[in-house]
Amino acid sequence: MTLFTMLLVLAAERLFKLGEHWQLDHRLEALFRRVKRYSMFRTLLMTVLAMLVTFLILRALQGLFFNVPLLVVWILIGVLCIGAGKVRLHYHAYLKAAARNDSHAHNAMANELTLIHGVPPGCNEREFLRELQNALVWINFRFYLAPLFWFIVGAYWGPVLLTGYAFLRAWQSWLARYQTPNERQQSGIDAILHVLDWVPVRLAGVVYALVGHGEKALPAWFASLGDGHTSQYQVLTRLAQFSLAREPHMDKVETPKAAVSMAKKTSLVLVVVVALLTIYGTLI
């Protein structure tokens with residue numbers, strides 16, 4: 001059921017998930033606005049409660065009407081948690097603005113795309129475009145690769161792990177957009193996701209090394225296996241940049257397109273691997 005649900009979710013995401021309506025991040029904003037104190041305990045408690053609600057819903061539907069309602073809920077959770085939604089609109093708006101040399105509009109969209117990790121001050125055009133590439137690689141990881149990883153490894157309870165991860169992602173994005181860096185640090189969200197992203201980042205990184213120009217990427221990937229301190233963002237984007245080394249870095253349109261193209265190849269590799277594992281009976 002994992003492969004079938006994943007394919008349906010990805011198809012639905014491409015066809016009609018073009019804004020905030022089907023995005024869990026947007027649905028949770030009303031809850032996040034009520035939070036007045038920030039701590040790691042509170043972050044973990046909210047996440048566990050979200051996962052518990054999902055678990056109880058799945059448990060209640062198990063075995064009913066040949067599991068058709070259960071399948072519908074699996075798909076609904078997948079659509080809400082997997083896919084970039086509004087971020088895709090920001091990316092396409094950036095490309096349109098950059099193509100017509102509208103610096104104000106394309107800078108505004110670039111700021112949206114680099115919301116979580118930002119852009120170092122004082123960087124030149126080439127460095128700015130590299131950071132934009134990194135942001136797009138990370139967006140693909142955060143909204144597609146990592147959620148799919150937790151959905152797959154969770155097996156029968158994949159939607160529970162997926163909900164938990166998507167909740168943490170939404171909480172981090174909301175804190176980055178509306179709260180101060182100090183409050184974000186107090187929440188412990190970055191530390192929690194640093195741990196949860198360790199394995200998915202390494203798996204995504206080896207795919208980047210293999211589908212791109214991996215002469216330098218593979219040695220860097222092996223070195224990352226013993227690195228528990230460097231941020232997962234830096235690990236993944238460094239590997240991606242090795243693979244993107246021969247791609248253009250001075251064109252405002254082609255540079256981000258190169259990163260998105262490689263990210264799509266990585267997602268396709270993941271789907272193929274899941275299909276093969278399902279065929280051979282490794283996954284349900």
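Here are some friendly notes on this predicted model, point by point.

1. **Ground rules.** Residues are numbered from 1 along each chain as its sequence is written, and side-chain values use heavy atoms, with hydrogens and water left out. Because the model is predicted, local features need pLDDT of at least 70 and side-chain atom pairs count only at pLDDT 80 or more, while totals for chains, interfaces and linings use all residues.

2. **Helix H8.** H8 has 29 residues and reaches 40 Å from its first C-alpha to its last, close to the 42 Å expected at 1.5 Å a residue; the expected span is 1.5 Å times one less than the number of residues. Have a look at Phe 141, where H8 bends by about 40° (the angle between axes fitted to the seven residues ending there and the seven starting there). Of the 29 residues of H8, 24 are buried, so the helix is largely enclosed by the rest of the structure. Buried here means under 20% relative accessible area, exposed means over 50%, and partly exposed lies in between (1.4 Å probe, protein chains only).

3. **Positive phi values.** Most residues other than glycine have a negative phi, and a few places are worth checking against that background. Phe 65, not a glycine either, has a positive phi of about 50°; Phe 65 sits in the loop between H4 and helix H5 (68-81) and is exposed, at a relative accessible area of 65%. The loop between H4 and H5 also holds Asn 67, with phi near 65°. Asn 67 counts as partly exposed at 30% relative accessibility.

4. **A nonpolar patch.** Phe 41, Leu 45, Leu 49, Leu 52, Phe 55 and Leu 56 make a nonpolar surface patch of about 590 Å². Patches are made of residues with over 30% relative accessible area and no salt bridge; like charges are joined within 9 Å, and nonpolar side chains (Val, Leu, Ile, Met, Phe, Trp, Tyr) within 5 Å. The areas come from the Shrake-Rupley method with a 1.4 Å probe, and for residues only the protein chains shown count as cover. Phe 55 belongs to helix H4 (residues 40-61) and is partly exposed, with a relative accessible area of 32%. As a reminder, an α-helix has 3.6 residues a turn, so residues three or four places apart point the same way.

5. **The UniProt record.** An unreviewed UniProt entry lists residues 38-58, 65-85, 148-168 and 266-283 under "transmembrane region". Its positions are given in the numbering used here, feature names are shortened, and annotations may be inferred rather than shown by experiment. In the model, residues 38-58 are 90% helix and 0% strand, with end C-alpha atoms 30 Å apart. Residues 65-85 are 67% helix and 0% strand, and their end C-alpha atoms are 32 Å apart.

6. **Salt bridges.** The structure holds five salt bridges, each a side-chain nitrogen of Lys or Arg within 4 Å of a carboxyl oxygen of Asp or Glu. One of them pairs Arg 177 with Glu 112, the closest N and O atoms being 3.1 Å apart. Arg 177 lies in helix H9 (residues 158-178) and Glu 112 in helix H7 (residues 103-113), so the pair ties together parts that are 65 residues apart in sequence. Arg 177 is partly exposed at 38%, and Glu 112 is partly exposed at 27%. Asp 190 and Arg 184 also meet in a salt bridge (3.1 Å, N to O); Asp 190 is partly exposed at 33%, whereas Arg 184 is buried at 14%.

7. **Pairs to compare in the viewer.** Met 40 lies in helix H4, and Ala 191 in helix H11 (residues 189-196). Ala 191 and Gly 122, 69 residues apart in sequence, are 28 Å apart, C-alpha to C-alpha. In helix H9 you will find Ala 166, buried with a relative accessible area of 0%; Ala 166 and Gly 78 are 88 residues apart in sequence and 9.9 Å apart in space, C-alpha to C-alpha.

Technical notes
Helices (H or I, at least four residues) and strands (E, at least two) are DSSP runs, numbered from the N terminus.
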